[in-house]
Amino acid sequence: MKKIAIFAIAVIALLGCQPKEEVTAQEPQGSVVYMTKEITPEALISIYQALGVPAEGRVAVKISTGEAGNNNHLKAGLIGPLVQLVNGKIVECNTAYAGSRMNTEDHLKVIEEHGFNTIGGVDIMDADGEIRIPVRDTTYMRYNIVGQNLQKYDFMINLAHFKGHQMGGFGGVLKNASIGVASRNGNPTPVALKDMGILASTDPVALDQACIDLVLSQEQSADNDVASMKERIESRHGIHTVEHAEKIGLGSRKYTIISIDK
């Protein structure tokens, strides 16, 4: 299978807070993670452009379309201008767990309900079948089973809503680019923080690590249940996701946060 260029953007709980350490662009330490406290279509485009990696060829925009009646997903109005700017197509796969996205027909109804069909084309990548792709590290698995239409694309923009996850502890860009592109047969599990900012990087490991650090550095309050998020990540050993991703060469857990806000 051909290689697909991928970069990731995460929307997470960061508005109104400061990162523990902000380093200027002249003093990079590890992978660069850009940050804006604004959550607007314009800010999303700005942080995409800050990465300096223009989307080329056939562009897939990977999101989680969200369950029917569930509001915990990126909104079409937020991501639409970026999708249209890069002439991208929204891509997803059906889920293995019971819900409103188990089959293509129902999944497309949810996509319409959430307005994603109004901002560009939509592709349920496993609607017509699946393919197996080999993995480099065969410690736990020899291949991943993904929607066959993944091979149609040259470039993928990974748009993830960083959140708690019932099995993995957290769901970020690594999950969105792995289980998120798996077909029903390759998707063993699914997915709840409030939106507070946008981070972006070409390094998905650094991006997920930055999200974890910044979320857990917040103070506990009545409307910001950091303790529950921390317990969920620790009890599910969620940090192993980024540890193993670094081990197999997907990126670095060392990072520099650079704000693009003026």
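**Exercise 1.** In this predicted model, helices α5 and α7 are roughly antiparallel to each other. Work out why, and state which residues meet.

*Solution.*
Step 1. Two packed helices are described by the angle between their axes and the distance between the axes.
Step 2. For α5 (residues 204-216) and α7 (residues 239-247), the angle is about 155° and the axes lie 10 Å apart.
Step 3. Angles over 145 degrees count as roughly antiparallel, so the pair falls in that class. The crossing of α5 and α7 is left-handed.
Step 4. On the α5 side the contact is made by V205, D208, Q209 and I212, and on the α7 side by I239, V242, A245 and E246. Sorted by class, this contact has five nonpolar, one polar and two charged residues.

**Exercise 2.** Find which strands pair with β2, and in which sense.

*Solution.*
Step 1. β2 (residues 31-36) pairs with β12 (residues 255-259) in the parallel sense, over five bridges. In this pairing Y34 stands opposite I258.
Step 2. β2 also pairs with β11 (residues 197-201), here in the antiparallel sense and over three bridges. The bridge partner of Y34 in β11 is A200.

**Exercise 3.** Describe helix α2 and the backbone at N87 that follows.

*Solution.*
Step 1. In α2 (residues 76-85), the buried residues are A76, L78, I79, G80, L82 and V83.
Step 2. N87 sits in the loop between α2 and β4 (89-92).
Step 3. Most residues other than glycine have a negative phi. N87 is not a glycine, yet its phi is positive, about 55°.
Step 4. Is N87 buried or exposed? The relative accessible area of N87 is 68%, and exposed means over 50%, so N87 is exposed.

Methods:
Residues numbered from 1 in each chain as written. Predicted model: local features only at pLDDT ≥ 70, side-chain atom pairs only at ≥ 80, totals over all residues. Heavy atoms only, no water. Buried < 20%, exposed > 50% of the residue type's maximum accessible area, 1.4 Å probe, protein only. Helix = DSSP H or I, 4+ residues; strand = E, 2+ residues; numbered from the N terminus. Pairing = 2+ DSSP bridges. Axes fitted to C-alpha atoms, helices over the stretch in contact; angles between N-to-C directions. Parallel < 35°, antiparallel > 145°, perpendicular 65-115°, else oblique. Left-handed = near helix turned anticlockwise from the far one by under 90°. Contact = heavy atoms within 4.5 Å. Nonpolar A, V, L, I, M, F, W, Y, C, P; charged D, E, K, R; others polar.
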